[in-house]
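Dear colleague,

I am passing on a structure that you have not worked with before, and below it you will find an account of what came out of the analysis. Please have it open while you read.

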Amino acid sequence: MAETSGDRGFRDGAVAVVPMAVAVFGFGLSYGVLARAAGMGGVAPVVMSVTTFAGSAQFAAASVLQAGGAAATATLSALMLNARYLPIGVTVAPWLEGGFWSRLLHAHLTVDESWVIAAEGSGRWNPRVLLAAGMGIWIAWVLGTLGGVLFGNAIGDPARLGLDAAFPALFLALLVPQLRSRERVTEVAGVRIGAPPPAIAALLGAAIALALTPFTPSGVPIVAAGAACLIGLRRHR
Amino acid sequence: MSAVWIVVIVSGGGTLALKATGPVLLGGKPLPERFTGVVGLLGPALLAALVAIGTFADGQRLVLDGRVLGVGAAAVAIRFRAPVLLVVIIAAAVTATARALAE
(Lines give C-alpha, C1' and ligand atoms only; values in the text may rest on other atoms or scores of the structure.)
Protein backbone atom coordinates (compact mmCIF):
# COMPACT_ATOMS: atom_id res chain seq x y z
CA MET A 1 0.00 0.00 0.00
CA ALA A 2 3.10 2.20 0.25
CA GLU A 3 2.83 3.54 -3.29
CA THR A 4 -0.80 4.53 -2.86
CA SER A 5 -0.57 6.20 0.56
CA GLY A 6 2.17 8.69 -0.39
CA ASP A 7 5.87 9.08 0.34
CA ARG A 8 5.54 10.95 3.62
CA GLY A 9 6.55 9.09 6.77
CA PHE A 10 6.23 9.27 10.55
CA ARG A 11 8.85 12.02 10.82
CA ASP A 12 7.05 14.25 8.29
CA GLY A 13 3.89 13.97 10.37
CA ALA A 14 5.80 14.77 13.56
CA VAL A 15 7.29 17.92 11.96
CA ALA A 16 4.02 19.09 10.39
CA VAL A 17 2.12 18.80 13.68
CA VAL A 18 4.38 21.06 15.76
CA PRO A 19 2.64 24.42 15.16
CA MET A 20 -0.76 22.85 15.74
CA ALA A 21 0.44 21.02 18.85
CA VAL A 22 1.50 24.38 20.31
CA ALA A 23 -1.99 25.79 19.66
CA VAL A 24 -3.63 22.64 21.07
CA PHE A 25 -1.48 22.94 24.20
CA GLY A 26 -3.00 26.41 24.67
CA PHE A 27 -6.51 24.97 24.27
CA GLY A 28 -5.61 22.24 26.74
CA LEU A 29 -4.61 24.88 29.27
CA SER A 30 -7.90 26.70 28.84
CA TYR A 31 -9.84 23.42 29.03
CA GLY A 32 -8.11 22.50 32.30
CA VAL A 33 -8.99 25.91 33.74
CA LEU A 34 -12.63 25.79 32.60
CA ALA A 35 -13.20 22.17 33.63
CA ARG A 36 -11.86 22.82 37.11
CA ALA A 37 -14.01 25.96 37.38
CA ALA A 38 -17.00 23.86 36.24
CA GLY A 39 -16.56 21.63 39.28
CA MET A 40 -15.04 18.64 37.51
CA GLY A 41 -12.16 18.46 39.99
CA GLY A 42 -8.53 17.95 39.05
CA VAL A 43 -8.32 14.30 37.97
CA ALA A 44 -11.46 13.84 35.83
CA PRO A 45 -10.54 16.52 33.21
CA VAL A 46 -7.12 14.92 32.68
CA VAL A 47 -8.64 11.42 32.38
CA MET A 48 -11.17 12.81 29.90
CA SER A 49 -8.39 14.37 27.79
CA VAL A 50 -6.54 11.03 27.76
CA THR A 51 -9.63 9.01 26.77
CA THR A 52 -12.22 11.20 25.02
CA PHE A 53 -9.46 13.32 23.38
CA ALA A 54 -11.70 15.80 21.55
CA GLY A 55 -11.48 19.48 22.36
CA SER A 56 -14.85 20.87 21.35
CA ALA A 57 -16.75 17.93 22.92
CA GLN A 58 -14.91 18.28 26.22
CA PHE A 59 -15.52 22.04 26.34
CA ALA A 60 -19.21 21.39 25.66
CA ALA A 61 -19.49 18.78 28.44
CA ALA A 62 -17.75 21.09 30.92
CA SER A 63 -20.01 24.02 30.04
CA VAL A 64 -23.15 21.90 30.50
CA LEU A 65 -21.93 20.70 33.91
CA GLN A 66 -21.03 24.26 34.90
CA ALA A 67 -24.55 25.41 34.01
CA GLY A 68 -25.91 22.73 36.36
CA GLY A 69 -26.95 20.36 33.56
CA ALA A 70 -27.43 16.62 34.04
CA ALA A 71 -24.73 14.05 33.31
CA ALA A 72 -26.87 12.70 30.47
CA THR A 73 -27.11 16.14 28.82
CA ALA A 74 -23.37 16.74 29.12
CA THR A 75 -22.58 13.30 27.69
CA LEU A 76 -25.06 13.64 24.83
CA SER A 77 -23.71 17.03 23.77
CA ALA A 78 -20.15 15.67 23.80
CA LEU A 79 -21.13 12.66 21.71
CA MET A 80 -23.11 14.75 19.23
CA LEU A 81 -20.11 17.01 18.70
CA ASN A 82 -18.04 13.89 18.10
CA ALA A 83 -20.52 12.30 15.69
CA ARG A 84 -18.41 13.67 12.83
CA TYR A 85 -15.76 11.10 13.78
CA LEU A 86 -17.97 8.34 12.40
CA PRO A 87 -17.65 9.56 8.77
CA ILE A 88 -14.09 10.75 9.42
CA GLY A 89 -13.19 7.25 10.66
CA VAL A 90 -14.69 5.77 7.50
CA THR A 91 -12.47 8.01 5.33
CA VAL A 92 -9.20 6.83 6.94
CA ALA A 93 -10.26 3.18 7.33
CA PRO A 94 -9.14 1.90 3.90
CA TRP A 95 -5.59 3.19 4.47
CA LEU A 96 -4.95 1.57 7.85
CA GLU A 97 -2.87 -1.58 8.08
CA GLY A 98 -2.34 -4.07 10.90
CA GLY A 99 -4.63 -5.82 13.33
CA PHE A 100 -7.39 -4.77 15.67
CA TRP A 101 -5.24 -2.95 18.26
CA SER A 102 -3.27 -1.04 15.65
CA ARG A 103 -6.49 0.14 14.01
CA LEU A 104 -7.97 1.05 17.38
CA LEU A 105 -4.88 3.14 18.19
CA HIS A 106 -5.05 4.94 14.82
CA ALA A 107 -8.77 5.53 15.37
CA HIS A 108 -8.18 7.02 18.83
CA LEU A 109 -5.46 9.33 17.46
CA THR A 110 -7.72 10.54 14.64
CA VAL A 111 -8.77 14.10 15.47
CA ASP A 112 -9.53 17.05 13.16
CA GLU A 113 -5.91 18.21 13.06
CA SER A 114 -4.20 14.83 12.53
CA TRP A 115 -6.84 13.89 9.95
CA VAL A 116 -6.11 17.04 7.93
CA ILE A 117 -2.31 16.71 8.17
CA ALA A 118 -2.51 13.07 7.04
CA ALA A 119 -4.70 13.86 4.00
CA GLU A 120 -2.91 13.20 0.71
CA GLY A 121 -5.73 14.61 -1.43
CA SER A 122 -8.25 12.85 -3.69
CA GLY A 123 -9.68 10.89 -0.76
CA ARG A 124 -6.37 9.28 0.30
CA TRP A 125 -4.85 9.29 3.81
CA ASN A 126 -1.34 8.46 5.09
CA PRO A 127 -1.45 6.19 8.18
CA ARG A 128 2.15 6.95 9.32
CA VAL A 129 1.54 10.70 9.20
CA LEU A 130 -1.80 10.18 10.98
CA LEU A 131 -0.07 8.26 13.80
CA ALA A 132 2.70 10.84 14.28
CA ALA A 133 0.43 13.87 14.09
CA GLY A 134 -2.17 12.24 16.34
CA MET A 135 0.44 11.44 18.98
CA GLY A 136 1.73 15.02 18.89
CA ILE A 137 -1.76 16.47 19.33
CA TRP A 138 -2.59 13.96 22.10
CA ILE A 139 0.55 14.73 24.11
CA ALA A 140 -0.04 18.49 23.77
CA TRP A 141 -3.72 18.19 24.74
CA VAL A 142 -3.06 16.03 27.82
CA LEU A 143 -0.11 18.12 29.04
CA GLY A 144 -2.08 21.31 28.42
CA THR A 145 -5.04 19.99 30.43
CA LEU A 146 -2.70 19.00 33.26
CA GLY A 147 -1.14 22.46 33.24
CA GLY A 148 -4.54 24.16 33.25
CA VAL A 149 -5.77 22.06 36.16
CA LEU A 150 -2.59 22.68 38.18
CA PHE A 151 -1.88 26.33 37.40
CA GLY A 152 -5.33 27.56 36.32
CA ASN A 153 -5.55 30.43 38.74
CA ALA A 154 -2.46 32.08 37.25
CA ILE A 155 -3.80 31.94 33.67
CA GLY A 156 -7.15 33.69 34.08
CA ASP A 157 -10.16 33.77 31.75
CA PRO A 158 -9.34 32.19 28.33
CA ALA A 159 -11.94 34.36 26.55
CA ARG A 160 -10.04 37.50 27.59
CA LEU A 161 -7.00 36.06 25.80
CA GLY A 162 -9.06 35.50 22.64
CA LEU A 163 -8.36 31.76 22.70
CA ASP A 164 -11.91 31.00 21.48
CA ALA A 165 -11.10 32.74 18.18
CA ALA A 166 -7.95 30.67 17.75
CA PHE A 167 -10.08 27.58 17.07
CA PRO A 168 -11.86 28.83 13.92
CA ALA A 169 -8.62 30.50 12.76
CA LEU A 170 -6.81 27.17 13.03
CA PHE A 171 -9.55 25.40 11.08
CA LEU A 172 -9.49 28.14 8.42
CA ALA A 173 -5.74 27.67 8.02
CA LEU A 174 -6.37 23.94 7.57
CA LEU A 175 -9.25 24.52 5.16
CA VAL A 176 -7.62 26.86 2.64
CA PRO A 177 -5.08 24.38 1.19
CA GLN A 178 -7.93 21.89 0.71
CA LEU A 179 -9.93 24.25 -1.52
CA ARG A 180 -7.67 23.70 -4.54
CA SER A 181 -8.62 21.10 -7.09
CA ARG A 182 -7.74 20.10 -10.62
CA GLU A 183 -11.40 20.40 -11.46
CA ARG A 184 -12.49 23.97 -12.22
CA VAL A 185 -16.20 23.37 -12.63
CA THR A 186 -18.70 21.75 -10.27
CA GLU A 187 -21.89 20.16 -11.48
CA VAL A 188 -24.68 20.17 -8.91
CA ALA A 189 -28.07 18.75 -9.91
CA GLY A 190 -27.32 19.41 -13.58
CA VAL A 191 -26.18 23.01 -13.00
CA ARG A 192 -22.55 23.85 -13.82
CA ILE A 193 -20.85 26.27 -11.40
CA GLY A 194 -17.51 27.88 -12.24
CA ALA A 195 -15.74 26.98 -8.99
CA PRO A 196 -13.83 23.86 -7.85
CA PRO A 197 -15.87 21.16 -6.01
CA PRO A 198 -14.05 21.61 -2.65
CA ALA A 199 -14.90 25.33 -2.60
CA ILE A 200 -18.56 24.62 -3.30
CA ALA A 201 -18.61 21.88 -0.61
CA ALA A 202 -17.05 24.32 1.89
CA LEU A 203 -19.56 27.11 1.15
CA LEU A 204 -22.44 24.68 1.33
CA GLY A 205 -21.13 23.14 4.59
CA ALA A 206 -20.77 26.54 6.26
CA ALA A 207 -24.24 27.60 5.08
CA ILE A 208 -25.87 24.40 6.40
CA ALA A 209 -24.11 24.76 9.77
CA LEU A 210 -25.12 28.40 10.26
CA ALA A 211 -28.69 27.78 9.10
CA LEU A 212 -29.19 24.94 11.61
CA THR A 213 -27.43 26.54 14.61
CA PRO A 214 -30.48 28.36 16.07
CA PHE A 215 -32.73 25.31 15.72
CA THR A 216 -30.67 22.25 16.74
CA PRO A 217 -28.47 21.26 19.72
CA SER A 218 -24.71 21.93 19.41
CA GLY A 219 -22.95 19.38 17.27
CA VAL A 220 -25.87 18.63 14.98
CA PRO A 221 -25.08 21.52 12.56
CA ILE A 222 -21.51 20.26 12.07
CA VAL A 223 -22.61 16.70 11.35
CA ALA A 224 -25.34 17.92 8.98
CA ALA A 225 -22.77 20.09 7.14
CA GLY A 226 -20.97 16.89 6.21
CA ALA A 227 -23.85 16.19 3.83
CA ALA A 228 -22.41 18.91 1.56
CA CYS A 229 -19.85 16.35 0.38
CA LEU A 230 -22.64 14.52 -1.45
CA ILE A 231 -22.22 16.98 -4.34
CA GLY A 232 -19.22 14.80 -5.21
CA LEU A 233 -21.37 11.71 -5.74
CA ARG A 234 -21.28 11.72 -9.52
CA ARG A 235 -19.29 14.72 -10.61
CA HIS A 236 -17.10 12.73 -13.02
CA ARG A 237 -18.74 11.52 -16.25
CA MET B 1 -20.38 7.29 41.18
CA SER B 2 -20.48 11.05 40.67
CA ALA B 3 -22.07 12.70 37.62
CA VAL B 4 -18.67 13.95 36.48
CA TRP B 5 -17.20 10.45 36.25
CA ILE B 6 -20.27 9.13 34.41
CA VAL B 7 -19.72 11.89 31.81
CA VAL B 8 -16.01 11.07 31.54
CA ILE B 9 -16.51 7.30 31.14
CA VAL B 10 -19.51 7.32 28.78
CA SER B 11 -18.09 10.14 26.61
CA GLY B 12 -14.76 8.33 26.35
CA GLY B 13 -16.31 4.98 25.42
CA GLY B 14 -18.81 6.53 23.02
CA THR B 15 -16.21 8.67 21.27
CA LEU B 16 -13.88 5.71 20.76
CA ALA B 17 -16.81 3.70 19.36
CA LEU B 18 -17.59 6.52 16.88
CA LYS B 19 -13.94 6.83 15.82
CA ALA B 20 -13.24 3.09 15.60
CA THR B 21 -16.36 1.89 13.77
CA GLY B 22 -14.88 2.65 10.33
CA PRO B 23 -11.29 1.54 10.99
CA VAL B 24 -12.21 -1.72 12.78
CA LEU B 25 -15.07 -2.81 10.52
CA LEU B 26 -13.79 -1.52 7.15
CA GLY B 27 -10.03 -1.36 7.80
CA GLY B 28 -7.86 -2.14 4.80
CA LYS B 29 -10.72 -2.49 2.33
CA PRO B 30 -10.86 0.23 -0.32
CA LEU B 31 -14.02 2.30 -0.61
CA PRO B 32 -16.05 1.85 -3.81
CA GLU B 33 -14.77 4.25 -6.47
CA ARG B 34 -17.91 6.36 -6.64
CA PHE B 35 -17.51 7.25 -2.96
CA THR B 36 -13.92 8.52 -3.14
CA GLY B 37 -15.07 11.81 -4.68
CA VAL B 38 -17.55 12.25 -1.84
CA VAL B 39 -15.01 11.43 0.87
CA GLY B 40 -12.52 13.95 -0.54
CA LEU B 41 -15.12 16.70 -0.10
CA LEU B 42 -15.95 15.77 3.51
CA GLY B 43 -12.87 17.64 4.77
CA PRO B 44 -13.71 21.02 3.20
CA ALA B 45 -17.38 20.71 4.20
CA LEU B 46 -16.70 19.86 7.88
CA LEU B 47 -13.81 22.32 8.28
CA ALA B 48 -15.87 25.16 6.81
CA ALA B 49 -18.69 24.29 9.23
CA LEU B 50 -16.23 24.36 12.16
CA VAL B 51 -14.94 27.77 11.01
CA ALA B 52 -18.47 29.17 10.68
CA ILE B 53 -19.66 27.81 14.04
CA GLY B 54 -16.48 28.86 15.84
CA THR B 55 -16.73 32.38 14.44
CA PHE B 56 -20.44 33.14 14.72
CA ALA B 57 -22.11 30.71 17.15
CA ASP B 58 -22.58 31.38 20.85
CA GLY B 59 -24.43 28.28 22.00
CA GLN B 60 -27.51 28.25 19.77
CA ARG B 61 -27.35 31.97 18.97
CA LEU B 62 -25.54 33.56 16.03
CA VAL B 63 -23.60 36.65 17.16
CA LEU B 64 -21.09 39.15 15.82
CA ASP B 65 -18.35 39.72 18.40
CA GLY B 66 -14.57 40.08 18.63
CA ARG B 67 -14.06 36.65 17.09
CA VAL B 68 -15.18 37.96 13.67
CA LEU B 69 -12.31 40.49 13.67
CA GLY B 70 -9.86 37.85 14.91
CA VAL B 71 -10.80 35.30 12.26
CA GLY B 72 -10.87 38.06 9.59
CA ALA B 73 -7.30 39.03 10.54
CA ALA B 74 -6.37 35.34 10.41
CA ALA B 75 -7.79 35.13 6.87
CA VAL B 76 -5.55 38.02 5.79
CA ALA B 77 -2.54 36.32 7.41
CA ILE B 78 -3.36 33.07 5.58
CA ARG B 79 -3.64 35.02 2.32
CA PHE B 80 -0.04 36.20 2.86
CA ARG B 81 1.07 32.65 3.63
CA ALA B 82 1.80 33.19 7.33
CA PRO B 83 2.70 30.00 9.26
CA VAL B 84 -0.18 28.33 11.09
CA LEU B 85 1.09 29.24 14.55
CA LEU B 86 1.29 32.92 13.62
CA VAL B 87 -2.22 32.78 12.15
CA VAL B 88 -3.58 31.41 15.43
CA ILE B 89 -1.70 33.98 17.54
CA ILE B 90 -2.98 36.85 15.35
CA ALA B 91 -6.57 35.62 15.69
CA ALA B 92 -6.32 35.41 19.49
CA ALA B 93 -4.51 38.75 19.84
CA VAL B 94 -6.95 40.69 17.62
CA THR B 95 -9.95 39.16 19.39
CA ALA B 96 -8.53 39.89 22.84
CA THR B 97 -7.75 43.48 21.80
CA ALA B 98 -11.25 44.00 20.39
CA ARG B 99 -12.76 42.72 23.66
CA ALA B 100 -10.51 44.89 25.79
CA LEU B 101 -11.44 48.00 23.73
CA ALA B 102 -15.16 47.16 23.88
CA GLU B 103 -15.20 47.22 27.69
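In this predicted model, the place to begin is the largest nonpolar core, which holds 86 residues, and among these Tyr31(A) and Met40(A) are the ones that touch the most other members. The largest share of this core is contributed by helix α2 of chain B, residues 33-56, which supplies 12 residues.

If you centre the view on Met40(A) and leave aside residues up to four places away in sequence, you will find that it touches Tyr31(A), Ala35(A), Pro45(A), Met48(A), Ala62(A) and Leu65(A), and also Val4(B) and Val8(B) from chain B.

Turning to chain B as a whole, there are 4 helices and 2 strands, and from the N terminus on these elements follow the order α-α-β-β-α-α. Chain B is more spread out than a compact globule, because its radius of gyration is 19 Å, whereas the globule rule gives 13 Å for 103 residues. Along the principal axes, the C-alpha atoms of chain B fill a box of roughly 50 × 45 × 25 Å.

As for burial and contacts, 47% of the 103 residues of chain B count as buried, and, of the contacts in chain B with a separation of 6 or more, 26% are accounted for by residues 24 or more positions apart.

The accessible surface of chain B comes to about 5,000 Å², and 71% of that belongs to carbon and sulfur atoms. Chain B also carries 8 positive and 4 negative side chains, with the centres of the two sets 9 Å apart.

With best wishes

How values were computed:
Residues are numbered from 1 along each chain as its sequence is written. Chains are lettered from A and ligands numbered from 1 in the order in which they are written. This is a predicted model: local features need pLDDT of at least 70, side-chain atom pairs count only at pLDDT 80 or more; totals for chains, interfaces and linings use all residues. Side-chain values use heavy atoms; hydrogens and water are left out. The radius of gyration is taken over C-alpha atoms; the globule rule is 2.2 Å times the number of residues to the power 0.38. Buried means under 20% relative accessible area, exposed over 50%, partly exposed in between (1.4 Å probe, protein chains only). Contact means heavy atoms within 4.5 Å. Accessible areas come from the Shrake-Rupley method with a 1.4 Å probe; for residues, only the protein chains shown count as cover. Lys and Arg count as positive and Asp and Glu as negative; His and the chain ends are not counted. The place of a charge is taken as NZ of Lys, CZ of Arg, CG of Asp or CD of Glu. A nonpolar core is a set of buried Ala, Val, Leu, Ile, Met, Phe, Trp, Tyr and Cys residues joined through side-chain atoms within 4.5 Å.
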